[in-house]
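Here is a short report on one protein model. Please look over the sequence and the structure before reading on.

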Amino acid sequence: MQLDPYNLDIFVDITTNCNAGCPMCHRTNPKNKCKTAEWLPTIDWSLEQFKKAYPENVIKVARKLTICGTWGDPIINKDFLDIIKYVRETNKNVILSIHTNGSLRNEDFWWELGVIGGKKLNVNFAVEGISQQMHELYRQKTFLNKILNNMQVLSNTQAKVATQTIIFKHNEQHLKEIEELCYKHGSKYHQHIYTDRTFINNTYSFIDSNGFSKKLERSIPKIPENTSIKLNKNLGIKKENSKINVWYTRRQETKSTNSNNISCKWLRDNKILVNPDGQVLPCCYFANTHFFNSITKIENTLVTHPLIKHYNQYKKSHNVFHNNLLDIIKNDWFRKKLPDSWKSNNPVSQCSKFCGS
């Protein structure tokens, strides 16, 4: 199985800037008032950089662009509307899926975004509570009322609004209320997500943006009562009888090292990731560690793996600022070396951990 270059879902990451300070985010320093991690470089793509990375021949054949910032919120990008306009003018049928905390910009921006993006624009907002106090315990530096208002404005265009809630102990008793609040402000689909971040004794401690010690408590997944349930090893629990389908998602983690049990979810979805530095990578599980290590020069099992050593040896050839994306995904590393590693006795740990069974 290989990536189809004419039906790609491209994970687009165009900035390392963000207005929020979510304590468990990769880009945040939870010990320093949830400020940006000191090691993270400042990257914010211009329209011209975006066109270079994604020329018309790439945009025209893409099925979907998932603009979801691992390292920043895409809405903060200074040229964001121009970027969306370029994409839509180049390919009127491509699906645009944007993920954001939603606590940025004014009503004019959100209206214009909806008009430009049209009916094939989907925007996913993060709503973590029914009050500012509940919401901001995790979504530090964001404002619930502003988010809800921005959702409402966008919902009055042809664009589709979706929402998600990360479940913690402090909001687990209010999930239905959060859903209804989101529906009231234009959401057409809502997700509840159990985080896979690391807790110590089911607790995560941090210093909030005001300098106070706070903690997040893990919520243990529960099967809703009076509900038809389907269990899925990759996606978790599907609640079928809700007003809007809700996925209770938890990343699968196994210790399998047998490549016969590895089935790459991103490859099945024909999805590829481009990091803020322009590096093309198989998935977000590679990207998180790769980007951190490429800046900090810290070595771990991913960096020292022969497959990654080979990738880094020809790093520039895997970068969209040096080669066309459609050519990159056809090269030997993506078409042969990576898939062959799944059949070996030494697959990359990320592959075994997240796509093993």
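## The loop between β8 and β9

N202 lies in the loop between β8 and β9. In this predicted model, its phi is positive, about 65°, although N202 is not a glycine. N202 counts as partly exposed, at 40% relative accessibility.

N201 belongs to the loop between β8 (187–194) and β9 (203–207). N201 is another residue other than glycine with a positive phi, near 55°. N201 is exposed, with a relative accessible area of 72%. Most residues other than glycine have a negative phi.

## Overall make-up

The protein has 14 helices and 15 strands. It has 357 residues, and 55% of them count as buried. The accessible surface comes to about 16,600 Å². Carbon and sulfur atoms hold 48% of that surface.

K120 sits in the loop between α4 (107–117) and β6 (121–126). Its relative accessible area is 31%, so K120 is partly exposed. R88 is 32 residues from K120 in sequence, yet the two C-alpha atoms are 9.5 Å apart. Neighbours within four places in sequence aside, K120 is in contact with R88, K92, N93, V94, I95 and L96.

T42 is in the loop between β3 (35–36) and α1 (47–53). T42 counts as exposed, at 68% relative accessibility. T42 and T15 are 27 residues apart in sequence, and their C-alpha atoms are 7.7 Å apart in space. With neighbours within four places in sequence left aside, T42 is in contact with T16 and N17.

## Helix α9

Helix α9 covers residues 284–296, which makes 13 residues. From first C-alpha to last, α9 reaches 18 Å. That is close to the 18 Å expected at 1.5 Å a residue. After α9 comes K297, whose phi is positive, near 65°.

Is α9 largely enclosed or largely open? Ten of its 13 residues are buried, so α9 is largely enclosed by the rest of the structure. The buried residues are C284, Y285, F286, A287, N288, T289, H290, F291, N293 and S294. The run from C284 to F291 is part of that list. A general point on geometry applies. An α-helix has 3.6 residues a turn, so residues three or four places apart point the same way.

## Aromatic pairs

How many aromatic pairs does the structure hold? There are 16. One of them joins Y138 and F168. Their ring centres are 5.2 Å apart and their planes meet at 35°, so the pair is tilted. A stacked pair would need planes under 30 degrees apart, and an edge-to-face pair over 60.

Y138 lies in the loop between α5 (132–136) and α6 (144–155). F168 lies in the loop between β7 (160–167) and α7 (175–184). The pair therefore ties together parts that are 30 residues apart in sequence. Both Y138 and F168 are buried.

## A cluster and a charge over a ring

W45, F50, Y54, Y86 and F321 form one aromatic cluster. Elsewhere, a ring meets a charge. The charged end of K271 sits over the ring of W266. The distance from that charged end to the ring centre is 4.6 Å.

## Cysteines without disulfides

A disulfide is a covalent bond between the sulfur atoms of two cysteines. The cut-off for counting one here is a pair of cysteine sulfur atoms within 2.5 Å. By this rule the count comes to zero disulfides. C18 is in no disulfide, and the nearest cysteine sulfur, that of C22, is 6.4 Å away.

C18 counts as partly exposed, at 22% relative accessibility. C25 counts as partly exposed too, at 22% relative accessibility.

Technical notes
Residues are numbered from 1 along each chain as its sequence is written. This is a predicted model: local features need pLDDT of at least 70, side-chain atom pairs count only at pLDDT 80 or more; totals for chains, interfaces and linings use all residues. Side-chain values use heavy atoms; hydrogens and water are left out. Rings of Phe, Tyr and Trp (its six-membered ring) pair if their centres lie within 6.5 Å; planes under 30 degrees apart count as stacked, over 60 as edge-to-face and the rest as tilted. Helices (H or I, at least four residues) and strands (E, at least two) are DSSP runs, numbered from the N terminus. Buried means under 20% relative accessible area, exposed over 50%, partly exposed in between (1.4 Å probe, protein chains only). A charge sits over a ring if NZ of Lys or CZ of Arg is within 6 Å of the ring centre and within 35 degrees of the ring normal. Accessible areas come from the Shrake-Rupley method with a 1.4 Å probe; for residues, only the protein chains shown count as cover. The expected span of a helix is 1.5 Å times one less than its number of residues. Contact means heavy atoms within 4.5 Å.
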